[in-house]
Amino acid sequence: MQRFETPLFLKLVLGLFWWMIHLFLSIHQLVSHLLQVIESYIISIGLLESYRHFQLDKLRCLAVVVDSKEARNTQKIKKLLRWLSDTGLNYVILYDMEGKHCYPLRGAKEISGWRFKRVYKLLHKDRMVIELLSFNDNEGIAKAASFLCTKYLEEQLASSNKMDPSITETEMFDALNAVGCGGPEPNLLLVFGPVRCHLGFPAWRLRYTEIVHMGSLKSMKYGAILKALCEFSKKHQNYGT
């Protein structure tokens, strides 16, 4: 039985074709990155009028998700928070799965102008509140369910009429607030890291949230953040009936 061997010429052609595709993709990626850097710089120095003045009325709460490995970079986290504060935002949620951002911030009463408002809250210049979250905060849904179950059993014991258990969306959010796991739903979520997902951010607070992937935290650009905020301010969201 004879083995079929690919001719040498065909191997060379396929190898050259693969190399050309790889080269094209590499050049395209490099050009795209350079254009993003240039655009970010132009926006950050205020040359584009549309990015200098935009309304943040729609953005009542912003969430920032940071990959846990990158969250160890405390200086970058602080720099990011200062940039967000400069834009005029009032409420920011800072999240990473392992809560690594919490350790350098929780332990100090004041860090470069930041001071604590509550255990998990920070206040900057008496204006921007920061809520710190980690993956452990997902336990809140279990606590809320336990709260509702206990409440239902107590109502059943106090009433002679048996009621079918039914939970409305409002009751669930009231229960989350009752167990201390409630909070505002972010209008926009910025993801810093290698993956394009929310990395376990509490799902019950993402019903109508717009999610934007920002790339690596170490290469974050002020202009890119302004662009994300400005583009969100121009969007119209339909919430249904």
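Which arginine forms a salt bridge with glutamate 185? Select arginine 207: the closest N and O atoms of the pair are 2.6 Å apart. A salt bridge here is a side-chain nitrogen of Lys or Arg within 4 Å of a carboxyl oxygen of Asp or Glu.

Before moving on, some housekeeping. This is a predicted model, where local features need pLDDT of at least 70 and side-chain atom pairs count only at pLDDT 80 or more, while totals for chains, interfaces and linings use all residues. Residues are numbered from 1 along each chain as its sequence is written, and side-chain values use heavy atoms, with hydrogens and water left out.

**Stop 1: the salt bridges**

Stay with that pair. Glutamate 185 sits in the loop between helix 5 (169-178) and strand 7, and arginine 207 in the loop between strand 7 and strand 8, so the two tie together parts that are 22 residues apart in sequence. (Helices, H or I of at least four residues, and strands, E of at least two, are DSSP runs numbered from the N terminus.) Glutamate 185 is partly exposed, at 21% relative accessible area, and arginine 207 is partly exposed too, at 35%. The scale: buried is under 20% relative accessible area, exposed is over 50%, and partly exposed is in between, using a 1.4 Å probe and protein chains only.

The count comes to three salt bridges. For another, select glutamate 131 and arginine 205, whose side chains meet at 3.0 Å, N to O. Glutamate 131 belongs to strand 6 (residues 128-133) and arginine 205 to the loop between strand 7 (188-192) and strand 8 (210-215), so this pair links parts 74 residues apart in sequence. Both glutamate 131 and arginine 205 are buried.

Next, pick lysine 235 and glutamate 210, where the closest N and O atoms are 2.5 Å apart. Lysine 235 lies in the segment after helix 6 and glutamate 210 in strand 8, so parts 25 residues apart in sequence are tied together. Lysine 235 is partly exposed at 36%, as is glutamate 210 at 22%.

**Stop 2: strand 7**

Now color strand 7. How many of its five residues are buried? Five of the five. Turn the view and you'll see Leu188, Leu190 and Phe192 pointing one way, with Leu189 and Val191 pointing the other.

Look at what runs alongside, remembering that two strands pair if DSSP finds at least two bridges between them. Strand 1 (residues 62-66) runs parallel to strand 7, joined by five bridges; valine 66 has phenylalanine 192 as its bridge partner. Strand 8 also runs parallel to strand 7, again with five bridges, and valine 191 partners histidine 213.

**Stop 3: where two helices cross**

Select helix 1 (residues 8-44) and helix 6 (residues 222-233), which pack at about 80° with their axes 7 Å apart. Axes are lines fitted to C-alpha atoms, for helices over the stretch in contact, and angles run from 0 to 180 degrees between N-to-C directions. That makes the two helices roughly perpendicular, a label covering 65 to 115 degrees (under 35 is roughly parallel, over 145 roughly antiparallel, and the rest oblique).

Show side chains at the contact, meaning heavy atoms within 4.5 Å. Helix 1 brings Glu39, Ser40, Ile43 and Ser44, and helix 6 brings Tyr222, Gly223, Ala224, Leu226 and Lys227.

Tyrosine 41 is exposed, at 54% relative accessibility.
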